[in-house]
Amino acid sequence: FHRGYYIRARAVDHCVQDFLLKTQSHPRTQILSLGAGLDSLYFRLKDMGLLHHTVVYEVDFPNVACQKATLIKRMKELSALVGDTGGEGLGVITFSGEDYKLLGVDLSELSELERALGEAGLDNEIPTLFIAEVVLTYMENRRSDALIQWAAEHFSQACFLLYEQMHPEDPFGRVMQQHFSQLNSALQSLAQYPDCEAQQRRFFEKGWTECSVMDMNEFFTCCTPEDEQQRVQALEPFDEYEEWHLKCSHYFVLTASKGMEPSWTPLLSNMTVPHHDGPVRMAGSITAAVCAIHSEISGLRRYGHHSVLIKPNVILTTGGFGEEDGQHCRMRNFHVLIKHAGYWKAGCVKMENPDKRWDERLYHTVSCLSNSLALVVGGRTSPSRAGLGMLWLKFPETCNASDPDDITVELVSLQPAAEPAALRWRHSTTEVIFKGEKYLFLYGGRSAMEPVLGDWYFLHTQELSCTVIPVEGPVPESRHSHSACSWKGGVLIAGGLGVAEQPLGSVFFLRELEHGFHWQTVETHPSLIPRYSHTAHVHDGKLLLVGGVWFHSCSVPGITVIDLMTGLCLDYVINVEHLEWPLMLHNHSSVFLPDEEELLLIGGGGNCFSFGTHLNPEPVSLSLSNILTSH
C-alpha cells in the first residue's frame, strides 16, 4: 500500500514540477486539476514556493468541493497558504484565493464546466496543465474523450497528465476490475483503452501533437533517481515484491502536449534499462485444467509455501500464507496430495508429535533426502524475523499411497554447524554430486540484514555441515526468488530478483569438474525475458520455467522451454478458458511428474494492492506432452 500510493504521488509531483520548471519564463501559467478530491497538491506546491505566477484550479462534484472548502477554512495553516478568500462561496466557486480556485462542477457536463471555468478566470491563451489522476476512467468514454479533445482544441499551449489503470484481462486485472465493480465504480475506459498504446493513440486522435506513456515499473526505474529508489526501498521491512511490481504494471502515467515551445517531455529519461516492447512471441499454448480432487479442505489456497514429491504420486505441501479454518493466516498444517487411479486426493497431514509445532514459516525450501526424510531450510515469519534455521521432516518409509489420512510427519529440530547459512529466505537448496557424495547447494535469497544475497554453501547431506568446495568461473549476480534445478550432478540457476529489485534474465549452470565446480553461462536465443517468483523443472535436456513475474506488462509468463543443448528459448501461453477464476502464477509451487509429462500447479497468488487477496482456489494440472515432443 505504502509504495503503491507513493509511486502515484511521485509521478504526479515529477510531472507537475517539470511543467512549472519548463514554463517559469512565462509571466502566467495555470494548472487545472480534474476530479481533484481532497488532494493536497496545491498546498504542497505553495508551501515549497513553486507557485510564483501559477493559478491552480480544482474541480470536483459540488458536495466534494464544499467538503474540501470547509476543511480549508477550519485549518489555519491551509487558510494562511491560500491567502485572500474574498470570493468564496459564489455559485459553483466554493473557495477562491489569490492563486487557488475550487469549483463544484460535474466533469461530464462539458458546457457547464467550460462556463464555470471561464467565470473563475481560466485563460485559454496561457500555458495550462490538465491533471486527471484516476478520474476519466469512471466517466463514459464519449464524455471523457470529449473532455480530452476540448482541452486540446480550446487551449493554445496545453499539457495533459493522466494516471490510470490498464491491462484489465490478465489475472491481476480481473481482480482489479471485480473490486471496482463491487464498489459500483466500474472502470469504463479499460475495454476501449486497455493498454499504453491504446491510450497514446487516443490522445493523438483527440488533437494532441506529442504524447508519452509508461507503466509505473518503468517510471520508477527510469524517472526516479537511484538515490531516491534506494531511500524508498530502505524505508521499512518489505517482502511484497510480486504485489508491488504487479500493481505498477497495471497503472500508467501519460503526458501529452500541444503548442508548447520547447516541447514538454517529463517522461524522457537518460537511463538505459532493458525494456521489452511489443507483444511476447508465443510458440503455442497449453490448456490448464482444474485437478479432479476429492477433498473439501481449503489448505492448498496459499502462497509462499513449498511442495515436494516425497514418494511416487505423493506431494507434501508445507508453510506459506493462506486460508485455514476460514481465516487468512500463516499456515500451521501440512497438506498432502496423492494420485490414485487417475485422481488426486487431498488431505491434512497428521503430526507424529503434536506438541512440536510448525513455526509457520514462508519462503523456505524442502529437500527430500530419502524416502523417509526431508530437510527444511530457512524461511521467515516476517521480513524482520528470519532466524528459523533447519528442521527435519520424518515420514514412514511405507504408507497407504491411496489414503491422504495415512500420511504422518514428525518434526525434528536441528542445531547443525551449518545453521547460520540457513538464516535466509527466497533462496534455493538443490542436490548436487561431487566425487560421488551428495550435497545440498544452498544459494542466494535474502536475509533480515541483506535485501539480496549472492553467496553459496555446500551442505553435506549426512553431516549437515558446510564443506568447502572450490568454485570457478563468472560469479552470477546476487539474486533471490530465482529457480534452481539439479542437472547432470550440478545445478541450473535461472532468473530471480537482483539488486535494485530488478528481474534477471540470466541462466547459469554450476558444472562439476574433477577438482570442484565451475559457473557457466547458458546462452539463450531469443534472450530469456527477465523474471522472478517462478518455478522450474528439468526434463529430457529441457529447462521448464513456470509462471513468475516480469516487467513485460503486455502479458503474463506462462511456460518457457529452454533447450539446454541448443539454447533455443520458447514461450508458451497457458490457456485458462476452462478455469472460472484468475490463475495467478507467482508465489506458487509446482511438481512435475515425468512419466505422465504432467505439471501440477499448487497455490499461488497474494494480495492485489487495495483490491483484495486472491489465492488460487484449487491445484491446476497442465499436460506438457505436446510442447515437450514438439520442442
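1. Glu 324 is buried in this predicted model. Its relative accessibility is 4%. The side chain forms a salt bridge with Arg 332, at 3.6 Å from N to O. Arg 332 has a relative accessible area of 33% and is partly exposed. With a cut-off of 4 Å, the pair qualifies because 3.6 Å falls within it.

2. Salt bridges with shared partners also build a network. Its members are Asp 239, Glu 242, Arg 380, Arg 426 and Arg 446. Arg 426 has a further contact to note: it lies over the face of Tyr 363, at 4.1 Å from the ring centre. Over the whole structure, the search finds 28 salt bridges.

3. Arg 3 pairs with Glu 501 in a salt bridge, with the closest N and O atoms 2.8 Å apart. Arg 3 belongs to helix α1 (residues 2–22), while Glu 501 sits in the loop between β29 (490–494) and β30 (507–512), so the bridge ties together parts 498 residues apart in sequence. Both residues are buried. The charged end of Arg 3 also sits over the ring of Trp 244, 5.4 Å from its centre.

4. Glu 133 is in strand β5 (residues 128–133), and the two partners are 125 residues apart. Arg 8 is partly exposed, at 23% relative accessibility.

5. The aromatic count comes to 32 pairs. One of them joins Tyr 5 and Phe 609: the ring centres are 5.1 Å apart and the planes stand at 50°, so the pair is tilted. Tyr 5 is in helix α1 and Phe 609 in the loop between β38 (605–607) and β39 (613–615), so this pair ties together parts 604 residues apart in sequence. Tyr 5 is partly exposed, with a relative accessible area of 44%. Phe 609 is buried, with 7%.

6. Phe 130 and Phe 155 make an edge-to-face pair, because their planes are at 85°; the ring centres are 5.0 Å apart. Phe 130 lies in strand β5 and Phe 155 in the loop between α6 and β6 (158–165), so parts 25 residues apart in sequence are tied together. Phe 130 is buried at 1% relative accessibility. Phe 155 is buried at 4%.

7. Next, helix α5 (residues 110–120). Leu 113, Ala 116, Leu 117 and Ala 120 are buried there. Why do they share a side of α5? They cover an arc of only 100° around the axis, which puts them on the same side. In general, an α-helix has 3.6 residues a turn, so residues three or four places apart point the same way. The buried residues of α5 pack against β1 (29–34), β2 (54–60), β3 (93–96), β4 (100–104) and α6 (141–154). Gly 121 follows α5, with a positive phi near 105°.

8. Finally, the strands around β30. β29 and β30 run antiparallel and are joined by four bridges. Val 491 has Leu 510 in β30 as its bridge partner. β30 and β31 (residues 517–521) are also antiparallel, with five bridges. Glu 512 stands opposite Phe 517 in β31. Four residues separate β30 and β31, which form a hairpin. Phe 517 also belongs to an aromatic cluster, whose other members include Phe 434, Trp 456, Phe 508 and Trp 519.

Notes
Residues numbered from 1 in each chain as written. Predicted model: local features only at pLDDT ≥ 70, side-chain atom pairs only at ≥ 80, totals over all residues. Heavy atoms only, no water. Helix = DSSP H or I, 4+ residues; strand = E, 2+ residues; numbered from the N terminus. Buried < 20%, exposed > 50% of the residue type's maximum accessible area, 1.4 Å probe, protein only. Arc of directions from axis to C-beta. Contact = heavy atoms within 4.5 Å. Pairing = 2+ DSSP bridges. Phe/Tyr/Trp six-rings, centres within 6.5 Å; stacked < 30°, edge-to-face > 60°. Lys NZ or Arg CZ within 6 Å of the ring centre and 35° of its normal.
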